[in-house]
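This report describes the fold of two protein chains and the contact between them. Please keep the sequence and the model at hand while reading.

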Amino acid sequence: MILGALRQTGRLFALAVEVGRAIFKRPFQFREFIEQFWFIASVTILPGALVSIPFGAVIALQVGSLTQQLGAQSFTGGASVLAVVQQASPLIVALLIAGAGGSAICADLGSRAIREELDAMRVMGVSPVQRLVVPRVLAAMGVAVLLNGLVSVVGILGGYFFNVFLQDGTPGAYLSSFSALAQLPDLYISELKALVFGFIAGIVAAYRGLNPRGGPKGVGDAVNQSVVITFLLLFFVNMVMTGGYLQLVPPKGG
Amino acid sequence: MGIEVVVEGLTKSFGRQNIWQDVTLTLPAGEVSVMLGPSGTGKTVFLKSLIGLLKPEEGRVLINGVDMVNSPERDIFETRKLFGLMFQDGALFGSMSLFDNIAFPLREHTRKKESEIRRIVMERIEVVGLLGAEGKLPGEISGGMRKRAGLARALVLDPQIILCDEPDSGLDPVRTAYISQLLIDLNAQLDATMLIVTHNLDIAATVPDNMGMLFLRRLVTFGPREVLLTSEEPAVAQFLGGRREGPIGMSEEKDAAALAAEATGTRTARPAGPREIVPQLEPSPGLPPRRAVTRRRERVLGLLDRLPPAARAAIERTYATGGAAPAPAAGSGA
């Protein structure tokens with residue numbers, strides 16, 4: 001049981017290393033990359049924007065109510081923006097990339113695997129990792145980074161709207177607390193998180209997709225597992241990265 | 001000329017289930033070989049092991065000095081470019097048209113211009129008789145057409161070794177006869193080493209130079225076709241006769257009780273004497289003669305004193321009639 005879990009983990013890491021190496025191998029599958037990039041972007045942009053508006057609002061309302069009780073209402077803007085940029089946005093991106101992009105990648109690779117298309121590729125001396133997995137992982141990473149920007153902006157706008165119009169906050173206080181508490185490294189870590197989450201989502205989806213067990217039902221199971229495994233990994237990695245960031249980068253307000 | 005494939009002591013298991021063990025044989029360069037065996041004896045697993053898709057636990061598969069079992073992945077990928085493998089159901093890429101499917105190896109491995117790729121692909125499409133269907137997706141054509149498209153794709157890189165996984169399954173007898181002729185014609189044109197895995201008796205009787213049979217987790221025999229065709233080994237005789245009486249049961253192997261009951265029961269009359277050996281197919285008119293024929297004659301005549309008497313007699317009969325050149329069998333793809 002434990003040995004099995006360790007073996008799976010080892011193989012997952014081996015695939016990650018293989019992908020990392022194959023990224024630099026020529027020829028790069030540019031067309032496949034563009035197609036996948038477009039596909040993942042098209043299935044994540046709209047849900048991303050729609051999810052981030054209420055999410056930004058929820059955070060603004062919650063933080064606003066809290067700061068009001070503490071008498072620190074003027075810091076609402078900064079606090080909610082930091083929560084959106086650093087935590088909410090990368091996680092929303094991760095859930096979307098894993099749920100919408102990763103599941104599609106996993107299902108696609110899985111059905112190719114059971115139809116022996118991947119074997120056929122290997123037989124022709126073409127590595128499925130280089131031909132199929134690398135463009136997909138890179139596309140997931142690229143979309144994650146860009147989507148993170150979009151979700152951050154939409155989330156902040158949503159937060160601003162709810163704070164100013166529903167909680168009677170002042171625009172000036174919102175913006176000034178923003179620049180008092182937030183700093184550029186907050187944005188960097190946010191984008192770095194999105195990049196890493198995109199990588200993990202792509203790798204896990206590819207790993208489960210390349211190794212489905214049994215026939216079509218195995219593909220369904222693989223998709224299901226890939227999403228669950230990705231979520232578990234992402235929240236764990238997010239914790240580690242947040243902890244590391246808070247230790248390494250001094251807070252601006254302090 | 002094709003490349004010799006040497007298999008030594010190959011053993012493969014899935015978990016605790018042993019598929020076959022200690023398989024040792026040599027596919028002679030440029031000759032056509034057939035691997036027979038009842039369903040579920042690991043014939044496809046054997047093919048996939050030859051090409052390095054599956055890794056047997058023991059043994060070696062040597063091709064040009066590269067061991068497809070244990071060599072580094074990079075060497076294996078390089079060596080695979082010498083292969084053409086025809087999958088059982090074609091294994092075409094579902095998202096690509098037949099043309100793109102067949103052009104795939106060329107686009108991946110060569111720097112040919114698109115016009116030249118088009119020429120080569122259309123040539124292969126014509127060989128397998130799919131002209132007019134090149135724009136279709138694999139989901140839009142019949143199983144037999146997918147199979148032929150898979151064969152065309154396996155052929156575009158002019159492989160030295162061609163492996164066919166059940167080329168007849170899902171085809172009617174006429175199409176099977178065409179495929180048999182096509183395989184022989186290909187051998188005449190490319191002089192490639194070929195291994196066909198099948199349980200079709202017509203292909204087995206007319207196509208190969210060499211035959212082997214997998215049964216009960218081992219290689220029953222492998223050698224010149226006459227050896228297997230004249231073999232009195234119960235499993236081989238039962239299989240070639242297509243009878244129920246014998247060691248092969250519905251679920252691979254019969255138990256002792258079933259065998260004993262069979263022995264006491266009435267047996268269907270068996271044709272007396274040795275089975276008749278059907279002459280091998282010849283390439284279609286207009287094609288060059290198969291270069292493998294002369295090579296094989298020398299090789300087999302050298303082996304002669306080590307073969308069982310029935311096989312020896314059959315070989316001598318074949319070669320006594322001047323290499324047995326029958327009229328070209330019905331159906332020449334040309």
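The sections below take each chain in turn and then the contact between them.

## Basis of the description

The coordinates are a predicted model, and local features are reported only where pLDDT is at least 70. The totals for chains and interfaces use all residues.

## Chain A: overall build

Chain A has eight helices and zero strands. Its elements, followed along the sequence, read α-α-α-α-α-α-α-α. Along the principal axes, the C-alpha atoms of chain A occupy a box of roughly 65 × 35 × 35 Å.

Of the 254 residues in chain A, 43% count as buried. Contacts in chain A between residues at least 6 apart in sequence are made up as follows: 89% join residues at least 24 apart.

## Chain A: annotated segments and a helix pair

An unreviewed UniProt entry annotates residues 37-61, 91-111, 132-162, 187-207 and 227-248 of chain A as "transmembrane region". Two of these segments can be set against the model. Residues 132-162 of chain A are 100% helix and 0% strand, with 44 Å between the end C-alpha atoms. Residues 227-248 of chain A are likewise 100% helix and 0% strand, and here the end C-alpha atoms lie 31 Å apart.

Two packed helices are described by the angle between their axes and the distance between the axes. In chain A, helix α3 (residues 76-114) and helix α5 (residues 128-166) have axes that come within 7 Å and cross at roughly 145°. The crossing of α3(A) and α5(A) is right-handed. The contact of α3(A) with α5(A) involves 18 nonpolar residues, ten polar and one charged.

## Chain B: overall build

The secondary structure of chain B consists of twelve helices and twelve strands. Buried residues account for 41% of the 334 residues in chain B. Among the contacts in chain B with a separation of 6 or more, 69% are between residues 24 or more positions apart.

The feature "domain: ABC transporter" is placed by UniProt, in an unreviewed entry, at residues 5-241 of chain B. Over residues 5-241 of chain B, the model has 39% helix and 26% strand, and the end C-alpha atoms are 30 Å apart.

## Chain B: the four-stranded sheet

In chain B, four strands make an open sheet with antiparallel pairing, in the order β2-β1-β4-β5. The edges are β2 (17-27) and β5 (66-67) of chain B, each of which pairs on one side only. Helix α1 (residues 43-50) of chain B packs on this sheet and touches β1 (5-14), β2 and β4 of chain B. The direction of α1(B) makes about 125° with that of β1(B).

Strand β4 (residues 58-63) of chain B joins β5(B) in the antiparallel sense over two bridges. At this pairing, B:Ile63 has B:Val66 of β5(B) as its bridge partner.

Is strand β9 (residues 210-215) of chain B mostly covered or mostly open? It is mostly covered, with six of its six residues buried. The burial applies to both faces of β9(B): B:Asn210, B:Gly212 and B:Leu214 lie on one side, and B:Met211, B:Met213 and B:Phe215 on the other.

The strand has partners in two senses. Strand β3 (residues 32-36) of chain B pairs with β9(B) in the parallel sense over four bridges, and B:Val34 stands opposite B:Met211 in β9(B). Strand β10 (residues 218-224) of chain B pairs with β9(B) in the antiparallel sense over six bridges, where B:Leu214 has B:Leu219 of β10(B) as its bridge partner. The hairpin of β9(B) and β10(B) has two residues between the strands, and B:Leu216 takes a positive phi near 55° there.

## Contact between the chains

How many residues of chain B are in contact with chain A? There are 15, and they meet eleven residues of chain A. On the side of chain B that touches chain A, the elements giving two or more residues are α2 (73-80), β6 (83-86) and α3 (98-109) of chain B. The most comes from α3(B), with four residues.

By residue class, the side of chain B that touches chain A has ten nonpolar, two polar and three charged residues.

Key
Residues numbered from 1 in each chain as written. Chains lettered and ligands numbered in written order. Predicted model: local features only at pLDDT ≥ 70, side-chain atom pairs only at ≥ 80, totals over all residues. Pairing = 2+ DSSP bridges. Contact = placed C-beta atoms within 7 Å. Axes fitted to C-alpha atoms, helices over the stretch in contact; angles between N-to-C directions. Buried ≥ 20, exposed ≤ 12 C-beta atoms within 10 Å, placed from the backbone. UniProt positions renumbered as here; feature names shortened; annotations may be inferred. Nonpolar A, V, L, I, M, F, W, Y, C, P; charged D, E, K, R; others polar. Left-handed = near helix turned anticlockwise from the far one by under 90°.
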